[in-house]
Amino acid sequence: MVERADGDGLADGLYEALLRLVRRVAPLDQELAGDVANVRVAGFAGRHGFTAGEVHHLLTVSGSALAALATEPLPSIPPDRQARFLELHDRLFPGTYYTGAQLLEMAAEGVATVLGRVADGDLVGYAAGRIDEGGGGYLDFVGVDPGCRRRGHGRALVRAMCGALRELQPIPRLRLTVGGANAAALELYRELGFERTSSMVGYRRPPGAPA
């Protein structure tokens, strides 16, 4: 967004110019995001037919709290449990930015780490993370089968991922993003020492919505 006195008018004009270009290609979903405190972004979204989605919080752990997360390691997803992993990921995170197959491919290429948690002979949860561009750790996914929750699996997965990433290099922090409605996850991360860095809200405008 444009930070100046006439920013709203300028932003509206730029948006209309962009729309004219986009309409020549195909009608597309439009998305934007901003900090929950950014009233200008919210105002722009309201003027142009965007609908606000769920608030997501960026959480970070560092320093002594990060060091305290070290725990016993968990293994990578073995070949005989990959089908179960794919099913679980598709069920817990449908339509997300990485498919289960992509995560396994990234793990095979060494650009991501995917760990599994087994109980009673079955894969009950997993975590996927990586080293981000800034040299810190990023936890993309923590998923636990709904029937196996409240048993410490999520906590063990977060701790194990922290340890796995720290073995790759001395990360100064570990970050993740969680939905504001996920009270159980927010409580877990708070107990593990994560602190909220920012809160973002996404806005979406489907094709054909009035601008």
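Here is a short briefing on the chain shown above, from its overall make-up down to two residues. The model is predicted. Its secondary structure comes to 7 helices and 7 strands, and buried residues make up 39% of the 211 residues.

**Overall layout**

- If you trace the C-alpha atoms along the principal axes of the chain, the span is about 60 × 35 × 30 Å.
- Of the contacts with a separation of 6 or more, 73% are between residues 24 or more positions apart.

**Surface and charge**

- The chain has an accessible surface of about 11,600 Å², and carbon and sulfur atoms account for 53% of that surface.
- There are 23 positive and 25 negative side chains in the chain.
- The centres of these two sets of charges lie 3 Å apart.

**How α4 and α5 pack**

- Helix α4 covers residues 82-92 and helix α5 covers residues 100-109.
- The two helices pack with their axes 8 Å apart, at an angle of about 130°.

**Q30 in strand β1**

- Q30 is part of strand β1, which takes in residues 30-35.
- Is Q30 buried or exposed? The relative accessible area of Q30 is 15%, so Q30 is buried, given that the cut-off for buried is under 20%.
- Leaving aside residues up to four places away in sequence, Q30 touches Y15, L19 and F50, and also Y203, R204 and R205.

**V55 in strand β2**

- V55 belongs to strand β2, made up of residues 51-62.
- With a relative accessibility of 28%, V55 counts as partly exposed, because that class lies between the 20% limit for buried and the 50% limit for exposed.
- Which residues does V55 touch, not counting residues up to four places away in sequence? They are V36, V178, G179, G180, S199, M200 and V201.
- L165 sits 110 residues from V55 along the chain, and the C-alpha atoms of the two are separated by 27 Å.

Notes. Residues numbered from 1 in each chain as written. Predicted model: local features only at pLDDT ≥ 70, side-chain atom pairs only at ≥ 80, totals over all residues. Heavy atoms only, no water. Helix = DSSP H or I, 4+ residues; strand = E, 2+ residues; numbered from the N terminus. Buried < 20%, exposed > 50% of the residue type's maximum accessible area, 1.4 Å probe, protein only. Contact = heavy atoms within 4.5 Å. Areas by Shrake-Rupley, 256 points an atom, 1.4 Å probe, with all protein chains shown as cover. Lys, Arg positive; Asp, Glu negative; His and termini not counted. Charge placed at Lys NZ, Arg CZ, Asp CG, Glu CD. Axes fitted to C-alpha atoms, helices over the stretch in contact; angles between N-to-C directions.
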